[in-house]
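Subject: Structure handover

Hello,

Here is the structure I promised to pass on. Please open it first, then read my notes below.

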Amino acid sequence: MDKKCGAFHALAAQFTPPTGGFVARRSRRSAGVGTVRPMQLTPVIAIHLCAASSAFLIGPWVIWARRGAQQLPRLHRALGYAWVTLMLMTALSAMFIRSNTLPNIAGYTPIHLLVPVTLVTLFLAFRHLARGDIRRHRANMVGLYVGACVVAGGFTLLPSRYLGGLLWRGLGLI
């Protein structure tokens, strides 16, 4: 039992931020003045990462359930609510992830502009659905999936971003 607890604590220590914050800050104590400490996997980043990657994977299934040869409205509705919940989790958790390494305002970088865009688009999509305008509902949801999941998700795979750095270093390409 102690070995399991010891292994858990060792693993948890790897993902615990040294300052307790969620912000990648410039540190004067590191190698040189103004150098940047790398962002670490905090609980908020883990929640954001899980929600965003799950939304990326569920999105095509939601679209397929309504657009496929055999329409499955119950599956579309169930997966759609799950997808919306994941997108809300992604957007809200993004508000707690800040970085001072890019051009920013109070730690919020240009990618944070997707938060209000996501919230407004989800609101409009449900409003269109309530009014029976399925064409606009579909356009909002597919547009949000492509813009927030595919395009923004693609930018996270840049080597300078946290997830991209993990991926490319793990593959031995950088």
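Of the chain's 174 residues, 26% count as buried. Keep in mind that this is a predicted model. Contacts across the sequence matter for the next number. Take the contacts in the chain with a separation of 6 or more: residues 24 or more positions apart account for 51% of them.

Now the layout. The secondary structure comes to six helices and four strands. Along the sequence, the pattern runs α-β-β-β-α-α-β-α-α-α.

Next, the helix pairs. Two packed helices are described by the angle between their axes and the distance between the axes.

Start with α2 and α3. Their axes come within 8 Å. They cross at roughly 155 degrees. An angle over 145 degrees counts as roughly antiparallel, and that makes α2 roughly antiparallel to α3. The crossing of α2 past α3 is left-handed. By class, the contact of α2 with α3 has 18 nonpolar residues, seven polar and one charged.

Then look at α3 and α5. Helix α3 covers residues 73–94, and helix α5 covers residues 134–155. They pack at an angle of about 40 degrees, with their axes 13 Å apart. The two helices are therefore oblique to each other. Here too there is a handedness to note: α3 passes α5 in a left-handed crossing.

Which residues make the contact of α3 and α5? From α3 come Trp83, Val84 and Met87. From α5 come Met141, Leu144, Tyr145, Ala148 and Cys149. By class, that contact has eight nonpolar residues, no polar and no charged.

Last, the core. In soluble globular proteins, nonpolar side chains tend to be buried together. In this model, the largest nonpolar core has 14 residues. Those that touch the most other members are Ala55, Trp83, Met87, Leu122, Met141, Leu144 and Cys149. Which elements give two or more residues to this core? They are α2 (43–67), α3, α4 (114–130) and α5. The most comes from α5, with five residues.

Met87 belongs to the α3 side of the contact with α5. What does Met87 touch, not counting residues up to four places away in sequence? The list is Ala55, Thr118, Leu122, Leu144, Ala148 and Cys149. Of these, Leu144, Ala148 and Cys149 are on the α5 side of that contact.

Best wishes

Conventions
Residues numbered from 1 in each chain as written. Predicted model: local features only at pLDDT ≥ 70, side-chain atom pairs only at ≥ 80, totals over all residues. Heavy atoms only, no water. Axes fitted to C-alpha atoms, helices over the stretch in contact; angles between N-to-C directions. Parallel < 35°, antiparallel > 145°, perpendicular 65-115°, else oblique. Left-handed = near helix turned anticlockwise from the far one by under 90°. Contact = heavy atoms within 4.5 Å. Nonpolar A, V, L, I, M, F, W, Y, C, P; charged D, E, K, R; others polar. Core = buried A, V, L, I, M, F, W, Y, C linked by side-chain atoms within 4.5 Å. Buried < 20%, exposed > 50% of the residue type's maximum accessible area, 1.4 Å probe, protein only.
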